[in-house]
Amino acid sequence: MFKTIKEVLRTGNATVKYPFAPLERPQDVRGKPEHNHVKCMVCSACAVACPPNAIQTPLDMREGTKTWSINYGRCVFCGRCEEVCPSKAIRLGTEFELAVMTKEDMEELCVYHLQACTQCGSHFAPAKQVAYVARILAQGKDTNTAAQKLEYAKVCPKCKQKYDVQRLMEQSKEEGEWLC
Amino acid sequence: MNDKELRSGETHVLSAKERFPEAVRGVSWSADNQVVIESTPKQAPELVEHLYYERDGWFSVLVGNDERPLNGRYALYYVLSMEGADPCFCTVRVEVPADSCEFYSASSRVPAVIWGEREVQDMFGLKALGITDRRNLVLPDDWPEGLYPLRKDTMDYRHRPEPTTDVENYEFLYETAGHDTTVMPMGPLHITSDEPGHFRLFVEGEDIIDADYRMFYVHRGMEKCAESRMNYDTVPFLAERICGICGFAHSVAYVETIEKAQQIEVPLRAQYIRSIILETERLHSHLLNLGLVCHFSGFDTGFHHMFRVREKSMDLAEMLTGARKTYGLNLIGGVRRDILAEQKLATLKCLDELRTDVKHLVDELLSTPHFLKRTEGIGILDKGVARDYSPVGPTIRGSGFARDARWLHPYDGYKFIERSPITQESCDVKGRTLVRIDEFMDSLSIIGELLENTPGGPILNESWSHEPHRFAVALTEAPRGEDLHWSMIGDNQKCYRWRAKASTYSNWPPLRYMFRGNTISDAAMIVGSIDPCYSCAERVAVIDVKSKKQQVLSRQQLESYCRNRKHSPLEKSTVII
């Protein structure tokens with residue numbers, strides 16, 4: 001009995017002011033994933049890694065778009081997306097109060113355009129990824145070939161194959177022999 | 001042959017071969033300390049019995065596997081943890097023909113296997129010949145006949161069959177030996193346990209003569225989900241959600257099945273970090289149970305103080321892992337988050353605070369005469385029953401058996417420190433509580449020791465490949481006992497079969513014997529002492545068998561009776577039906 005009273009006096013008040021005052025949390029706590037739409041290239045690495053499929057990246061070939069979407073209702077805050085993102089476009093923040101009034105508000109979307117092939121007009125990859133590749137190619141010393149490669153980057157794989165075959169055929173005709 | 005030349009577990013194989021020369025069809029090793037004995041179906045029960053009783057084996061789990069796509073048959077794996085000389089895991093593998101689906105039950109020889117065999121009957125539609133209990137275990141009463149969820153060709157994991165009946169057809173068993181008893185159902189949502197379970201206490205006056213219970217009301221189908229929907233490398237995050245308390249223990253156990261089966265090396269630092277976090281988990285779990293023991297013995301001040309202190313251990317976990325629970329730390333091959341120098345210092349400081357705080361509280365608790373009276377001699381887990389049913393964790397250590405996976409089958413950081421299991425001889429609720437108190441203090445010193453000795457280096461090994469259809473078991477000592485996982489990766493980036501056994505799964509079967517001879521007011525106390533997951537639940541109905549009267553008690557009524565032991569709710573005349 002006395003021990004109990006002594007212990008009560010020793011500990012004092014244990015309650016915290018939250019929610020009337022902000023809750024102090026460790027800095028690297030895993031809260032709400034924050035998406036940076038500028039850095040993101042919709043490569044889908046996060047969607048592949050996401051265990052509960054909270055992040056999805058559906059393609060719409062007719063509209064020529066790829067949508068990056070996250071459903072915070074499904075998210076388990078594991079932070080795999082942050083870990084696998086090649087462009088550091090997603091980071092887990094410290095925000096944890098994610099309650100909303102309607103289910104739809106749990107979802108956030110970001111729609112990206114796909115690159116249309118300069119040859120056949122079909123969509124083949126997110127425009128941002130193509131631009132990224134083009135930027136890397138443009139860093140090459142030989143500016144002529146860089147410009148050429150930049151044009152080449154905007155061609156879809158199918159047209160590239162065709163182009164390659166054509167070029168090979170022309171080459172072999174010139175050299176007078178066929179590759180088998 | 002020299003002893004040193006024998007592989008781990010080979011002595012058990014030799015002994016089995018000597019006793020049952022025709023039973024052993026083949027022997028292989030699925031990992032260093034895991035031997036698999038291929039047995040003929042007919043002699044498998046005898047072989048399991050031999051390993052269990054004569055070779056100091058304890059039954060861990062029975063894994064059923066639909067291997068028809070691989071070899072045209074089903075297979076059963078009786079996993080035994082060998083804890084005498086030559087400690088290792090012995091798995092007895094039996095093939096079950098796909099046409100007859102029949103196998104010989106070992107339940108009459110080794111009572112511990114009963115839940116496992118009932119489960120494979122439900123999940124795979126196999127028939128156990130001579131099984132001692134034919135009732136459903138996992139499947140509900142209204143489940144359609146002939147639909148076996150874990151067969152590869154039966155159902156999609158999203159399929160929700162229509163209920164086939166509204167009538168409860170589960171038969172509760174009792175041995176009342178001529179006593180004139182009243183049935184007291186608790187559930188379907190149990191008073192103290194958040195896993196909905198339905199208890200029937202067969203009482204004479206206030207005394208419990210026998211008890212039976214039924215679980216699995218909210219079976220989540222995680223194993224099926226992992227096999228069909230998840231990739232094998234995302235399963236750690238699902239495994240973590242098996243339990244809200246020992247989640248990390250589950251995720252470590254899962255990743256280690258893959259690491260053992262595929263022989264993936266885990267960096268030393270990662271092994272230490274895993275052990276540190278496992279012990280942190282034990283801190284908050286044991287404080288939770290100590291708090292609840294206070295609560296159920298009517299010492300609510302103690303309950304509040306235990307939970308106040310527990311908050312510190314939760315903060316500690318949050319600081320180390322980034323989340324209060326579901327730490328999300330494990331990947332196959334290591335861990336994702338390092339422990340930095342300042343975190344180490346903060347942890348050591350926190351451990352000191354916890355040590356002083358809990359010491360004060362424990363002194364207080366153990367000097368409360370009321371607490372001692374409520375726990376001494378209550379809920380006796382007889383040693384014989386314990387040996388027959390292979391319970392785990394503080395439940396069995398409170399009955400004097402030194403079963404602790406950390407020291408019997410050392411894994412991760414535990415390989416590098418010397419300790420021995422903490423036991424108590426009194427077999428009662430008090431014994432189990434004392435084990436938890438001592439283990440809490442032990443955990444504090446283990447974390448300190450591991451933190452001091454953690455070697456530097458990488459924490460994640462990412463360069464490995466996997467070979468389909470290799471399997472292994474791995475276990476961790478969670479706060480309530482061993483969490484044992486068994487997994488086999490398929491050839492499609494998924495688990496071919498994943499079997500997770502949570503610790504309390506092993507502790508339910510012997511609970512019946514712990515109830516016997518106690519009073520209703522001790523029931524919550526006894527269930528509490530095996531530390532299942534707690535939560536508030538609905539209400540209790542009491543049925544008088546003779547007059548068919550049913551009385552519904554509120555949770556407060558039963559709980560307050562458990563705490564005060566005055567004003568028995570059964571004496572009131574508020575009969576509803």
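Start by selecting Asp66(B), which counts as buried because its relative accessibility is 1% (buried is under 20% relative accessible area, exposed over 50% and partly exposed in between, with a 1.4 Å probe and protein chains only). This is a predicted model, where local features need pLDDT of at least 70, side-chain atom pairs count only at pLDDT 80 or more, and totals for chains, interfaces and linings use all residues. Residues are numbered from 1 along each chain as its sequence is written, chains are lettered from A and ligands numbered from 1 in the order in which they are written, and side-chain values use heavy atoms, leaving out hydrogens and water.

Stay with Asp66(B) and show its strand, E3 (residues 57–67) of chain B. Strands (E, at least two residues) and helices (H or I, at least four) are DSSP runs, numbered from the N terminus. The side chain of Asp66(B) makes a polar contact with that of Arg68(B), at 2.8 Å. A polar contact is a pair of N or O atoms within 3.5 Å; within protein, one must be able to donate a hydrogen and the other to accept it, and residues adjacent in sequence count only if both atoms are side-chain atoms. Leaving aside residues up to four places away in sequence, Asp66(B) touches Arg73(B), Tyr74(B), Phe124(B), Leu150(B), Arg151(B), Lys152(B) and Tyr496(B) (contact means heavy atoms within 4.5 Å).

Next, display both chains where they meet. The contact takes 27 residues from chain B and 22 residues from chain A. In chain B, Arg229(B), Glu318(B) and Arg336(B) lose the most area to chain A, together 24% of what that side buries. Buried area is the accessible area (1.4 Å probe) that two parts lose on being put together, summed over both; here it is about 2000 Å², 47% of it on carbon and sulfur atoms.

What joins Glu318(B) to Arg25(A)? Zoom in and you will find a salt bridge, with the closest N and O atoms 2.4 Å apart. The term stands for a side-chain nitrogen of Lys or Arg within 4 Å of a carboxyl oxygen of Asp or Glu. Glu318(B) is buried at 6% relative accessibility, whereas Arg25(A) is partly exposed at 25%. There are five salt bridges between chain B and chain A.

Now select Glu353(B) and Lys312(B), whose side chains meet in a salt bridge at 3.6 Å, N to O. The pair links helix H10 to helix H9 of chain B, across 41 residues of sequence.

For another salt bridge, pick Arg397(B) and Glu477(B), at 2.9 Å, N to O. Arg397(B) is buried at 0% relative accessibility, and Glu477(B) is buried at 3%.

Then move to the rings, selecting Tyr170(B) and Phe172(B). Their centres are 5.1 Å apart and their planes at 75°, so the pair is edge-to-face. Rings of Phe, Tyr and Trp (its six-membered ring) pair if their centres lie within 6.5 Å; planes under 30 degrees apart count as stacked, over 60 as edge-to-face and the rest as tilted. For a cluster linked by ring pairs, select Phe199(B), Tyr213(B), Trp508(B) and Phe515(B).

Finish at helix H17 (residues 520–529) of chain B, where 10 of its 10 residues are buried. After H17(B) comes Asp531(B), with a positive phi near 55°.
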